[in-house]
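Student: I would like to go through this model with you. Could we begin with its strands?

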Amino acid sequence: MGSLQLFSPGSSLSPGCRITAPRRHLPPPPPPVKTRSFSLSFPSLRLPLRQGWTGRAKGKTGGDVESMSDLGRFQAGGGGGGGGDEESDGGRSEDEGSESGAGEAEKQGLSKWIDFTSDDAKTVLAAVAVSLAFRSFIAEPRFIPSLSMYPTFDVGDRIVAEKVSYYFRKPCVHDIVIFKSPPVLQEVGYTDGDVFIKRVVARAGDTVEVHGGKLIVNGVAQEENFILEPPAYDMSPIHVPDNSVFVMGDNRNNSYDSHIWGPLPAKNILGRSVFRYWPPARIGSTVLEDVCTTDKDKQESSVVP
């Protein structure tokens, strides 16, 4: 059996001799620097880390643990063999699968928002149609832009004007109506889209005049506790024609109304104010006590027994 022999520098070992020594005294091999395992494993180790953080932000671990294990083995010097490559490739495959799954989940979530079926279109169209029908035939909100109806309405008040009543009856005295500008106003620059709000003070067949700060209808001075102040003007008698009404603002001295441009055609009326919903401190009905009389009642009251 061969034994350990000492030789002087420059001598050579004989072919039959070998050195026997415990392996624990040998230094560990250096980690590989330029090997196939290194060049292939590095991308696979770096990318899953970045993908793993992305998945964590979404509440998913993905391949993060697998990638961290690969990184630990590489730093310990175990990436020099073929097994290291297989482990890294497996981690990359699972991470890519996790990223793909996350991408699919994002697409499915987005599709829920942008998926617009024919049923959805029908629902939207039906809602729009109902809204337009309600606004056109039942009621609509309105904003008060001027002081012509002060103190009943102030600038900024918001009201609801209903349109159903006038399908069954004609406007009554004291109704507060909204209306399109009549032809006489369009001749001086207003458009058909301009809308006004005034109070009906007389109906078709009535004779209206203003004298001594009093509104006189059919020879009777009217008691109006809702106006701001008595009118500071006089108006000669005006007969209200058929299918028309006479309208005036409650702010009699600061209102562009029938005492200037004449009776209002009833067909221009859009509705009547029934409720104020803004400001909150003044929420409530805008309808006075029911003083409306039908044409039949009016004719009967004019008959002398």
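Student: In what order do the four strands of the open sheet stand?

Tutor: The order is β7-β6-β5-β8, with antiparallel pairing. This is a predicted model in which local features need pLDDT of at least 70 and side-chain atom pairs count only at pLDDT 80 or more, while totals for chains, interfaces and linings use all residues. Residues are numbered from 1 along each chain as its sequence is written, and side-chain values use heavy atoms, with hydrogens and water left out.

Student: Which strands stand at the edges?

Tutor: β7 (220-221) and β8 (235-239) do; each has a single partner strand, so one side of each lacks a neighbour in the sheet. Strands here are DSSP runs (E, at least two residues), numbered from the N terminus, and two strands pair if DSSP finds at least two bridges between them.

Student: How many bridges join β6 and β7?

Tutor: Two bridges join β7 to strand β6 (residues 214-217), in the antiparallel sense. I216 has A221 in β7 as its bridge partner.

Student: Turning to β3, is it mostly covered or mostly open?

Tutor: Strand β3 (residues 176-180) is mostly covered, as four of its five residues are buried. Buried means under 20% relative accessible area, exposed over 50%, and partly exposed in between (1.4 Å probe, protein chains only).

Student: Which strands pair with β3?

Tutor: Strand β4 (residues 195-202) pairs with β3 over five bridges in the antiparallel sense, and V177 stands opposite K198 there. Strand β11 (residues 269-278) also runs antiparallel to β3, joined by three bridges; I178 has G271 as its bridge partner in β11.

Student: Where is R276, and why does it count as buried?

Tutor: R276 lies in strand β11. It counts as buried because its relative accessibility is 10%.

Student: What does its side chain reach?

Tutor: The side chain of R276 makes a polar contact with the side chain of D157 at 3.4 Å. A polar contact is a pair of N or O atoms within 3.5 Å; within protein, one must be able to donate a hydrogen and the other to accept it, and residues adjacent in sequence count only if both atoms are side-chain atoms. The R276 side chain also reaches the backbone oxygen of R282 at 2.8 Å.

Student: How far apart are R276 and F153?

Tutor: They are 123 residues apart in sequence, and their C-alpha atoms are 9.0 Å apart in space.

Student: Finally, where is V164 found?

Tutor: V164 is in the loop between β2 (158-162) and β3. V164 counts as partly exposed because its relative accessibility is 32%.
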